[in-house]
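Here is a short briefing to read alongside the model. Please keep the viewer open and follow the topics one by one.

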Amino acid sequence: MSSSIKSLLLIITGILMIEGSALAEIRAGAFTVSPMAGFHVIDGSSNIDDAAVYGLGLGYNLSPEWALEADFRYTPTELDYGKSNDVEIWTVSLGGSYNFMPASDLTPYLSMGGGIMNYDFESGPNETDVMGYYGGGIRYSFDEYAALRFDARHLLSYRNDDRIESPNSGSGRMENNLQAMIGLTFQFGGAPVLLKQEAAPLPVPKEAKKAPVDSDHDRVFDGQDKCPATPLGARVDEDGCHADTDGDGVVDYLDACVDTPKGTKVDQQGCLEKAMDVVSLTINVRFGFDKDKVTPFHYSELKKAADFIENYPSYLVVVIGHADDRGTEEYNQRLSLRRADNVRNALIGKYKVAADRISTVGFGETLPIAENTTAEGRALNRRVEININP
């Protein structure tokens with residue numbers, strides 16, 4: 001093993017001994033730089049010795065799952081015959097990759113692409129061959145900016161080596177090369193990471209300290225508010241908690257019939273139960289970290305909702321937004337409501353659902369369905385639910 005590769009492995013081992021952050025997600029819109037080194041197994045028919053290979057990848061994350069990468073690799077080696085036998089192999093490629101579990105610390109991926117392989121012979125003219133590759137690897141993220149990367153590729157190239165003397169020269173042939181690399185991937189930019197931070201309070205004038213505060217904007221000041229984190233826009237009672245005007249056990253912001261007589265039996269929407277069977281559908285639309293835009297990845301789930309709505313023209317639709325617990329509660333409240341509003345707009349604009357049938361509400365981080373202590377749990381909590389009921 002060359003001294004350069006040994007040095008790289010020592011550096012990587014040292015970095016892994018440092019305690020990392022839990023925020024190790026692959027971020028959409030981020031640029032990546034990947035210095036790597038490894039070993040190049042060259043097709044035996046080329047009469048070129050296997051050797052160490054050094055590379056640099058420059059990438060861009062289209063989304064947490066999909067990425068593009070331009071790759072430059074250099075293999076200094078030699079022919080196994082002749083006197084002037086030094087050979088430098090330059091591999092230049094452009095390809096795409098798909099990341100599995102992009103929110104996890106350990107992320108496998110598959111890749112495919114193409115480019116050229118240039119052979120610089122000391123004993124003859126250069127040769128440039130067309131090349132395609134497929135492969136895969138795995139990344140281990142030890143913080144939000146850096147990851148250890150293992151990468152393996154099978155390179156297929158068309159060689160035409162009539163211009164040099166070689167025991168296997170001919171009119172042309174397909175060659176197989178293998179490259180196995182280890183290195184680091186550094187991630188820059190992309191979706192911002194919002195953290196709850198404790199900061200020293202700013203000096204407040206004495207006269208301002210007496211001003212009442214309403215943290216959740218429900219018109220009940222914090223000193224009297226028994227529920228200080230109700231969703232923005234939800235109707236509350238005099239104590240600042242969810243209001244239930246008709247006392248049917250269904251709070252007003254989920255109650256489609258807020259004036260049912262007391263003591264009557266109601267359904268989940270707070271309306272009188274009907275003799276007909278209740279038909280309902282709940283689907284889940286997931287979002288990336290700090291994202292609120294509807295993308296083509298959501299269309300299949302939205303199409304299910306649109307088809308169901310069309311079959312029941314008298315039913316109402318409630319779009320409910322949620323967020324994970326990173327960021328302040330007030331920011332997550334607004335983020336969850338934006339997610340719900342964007343899904344509502346997509347149902348109206350793309351699928352022609354009547355606007356007066358759809359309402360929205362945002363719960364922020366208050367109703368998680370999974371633990372917020374892991375990347376997988378946070379990904380499940382970044383969601384929009386669409387409830388369709390009579």
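Of the 390 residues of the chain, 42% count as buried, where buried means under 20% relative accessible area, exposed means over 50% and partly exposed lies in between, with a 1.4 Å probe and protein chains only. This is a predicted model, in which local features need pLDDT of at least 70 and side-chain atom pairs count only at pLDDT 80 or more, while totals for chains, interfaces and linings use all residues. Residues are numbered from 1 along each chain as its sequence is written, and side-chain values use heavy atoms, with hydrogens and water left out.

**Overall fold**

- The chain has five helices and twelve strands; these are DSSP runs numbered from the N terminus, with helices being H or I of at least four residues and strands being E of at least two.
- Among contacts with a separation of 6 or more, 60% are between residues 24 or more positions apart; a contact means heavy atoms within 4.5 Å.
- Strand 10 and strand 12 run antiparallel and are joined by six bridges, and two strands pair if DSSP finds at least two bridges between them.
- In strand 12, Asn389 stands opposite Leu316.
- Strand 12 is mostly covered, with six of its seven residues buried.

**Salt bridges**

- There are 14 salt bridges in the structure, each being a side-chain nitrogen of Lys or Arg within 4 Å of a carboxyl oxygen of Asp or Glu.
- Glu69 pairs with Arg149 in a salt bridge whose closest N and O atoms are 2.9 Å apart. Because Glu69 lies in strand 3 (residues 66-78) and Arg149 in strand 7 (residues 146-159), the pair ties together parts that are 80 residues apart in sequence. Both Glu69 and Arg149 are buried.
- A network of salt bridges links Glu69, Asp71, Arg73, Arg149, Asp151 and Arg153.
- Asp292 forms a salt bridge with Arg338, with 2.6 Å between the closest N and O atoms. This pair links distant parts of the chain, 46 residues apart: Asp292 sits in the loop between strand 9 and helix 3 (299-311), and Arg338 in helix 4 (residues 329-349). Asp292 is buried at 11% relative accessible area, whereas Arg338 is partly exposed at 32%.
- Arg382 and Asp324 form a salt bridge, their closest N and O atoms being 3.0 Å apart. Arg382 is in the loop between helix 5 and strand 12 (383-389) and Asp324 in the loop between strand 10 (316-321) and helix 4, so the pair ties together parts 58 residues apart in sequence. Both Arg382 and Asp324 are buried.

**The largest pocket**

- The volume of the largest pocket is about 780 Å³. Its lining has 31 residues, and the closest to its centre are Pro64, Glu65, Arg286, Phe287 and Gly288.
- On a 1 Å grid over the protein atoms alone, a pocket is an open set of points with protein on both sides within 12 Å along at least five of seven lines, a cavity is a set where a 1.4 Å probe fits but cannot get out, and lining residues have an atom within 4 Å of a point.
- Grid points are joined across faces, edges and corners, and a volume is the space filled by probe spheres set on the points.
- Strand 9 (281-286) and helix 5 (375-381) each supply at least two residues of this pocket's lining.
- The pocket lining divides into 16 nonpolar, six polar and nine charged residues. Here Ala, Val, Leu, Ile, Met, Phe, Trp, Tyr, Cys and Pro count as nonpolar, Asp, Glu, Lys and Arg as charged, and the others, Gly among them, as polar.

**Cavities**

- The structure holds five cavities of 30 Å³ or more, and the largest cavity has a volume of about 280 Å³.
- Of the 29 residues that line the largest cavity, Ile26, Thr32, Asn61, Arg139 and Thr185 lie nearest its centre.
- Strand 7 gives the most to this lining, with five residues.
- By class, the lining of the largest cavity has ten nonpolar, eleven polar and eight charged residues.

**Two histidines**

- His298 lies in the loop between strand 9 and helix 3 and counts as buried at 10% relative accessibility. Leaving aside neighbours within four places in sequence, His298 is in contact with Val285, Arg286, Phe287 and Lys293.
- His217 is in the loop between helix 2 (206-209) and strand 9 and is partly exposed, at 48% relative accessible area. Not counting residues up to four places away in sequence, His217 touches Leu232 and Glu330.
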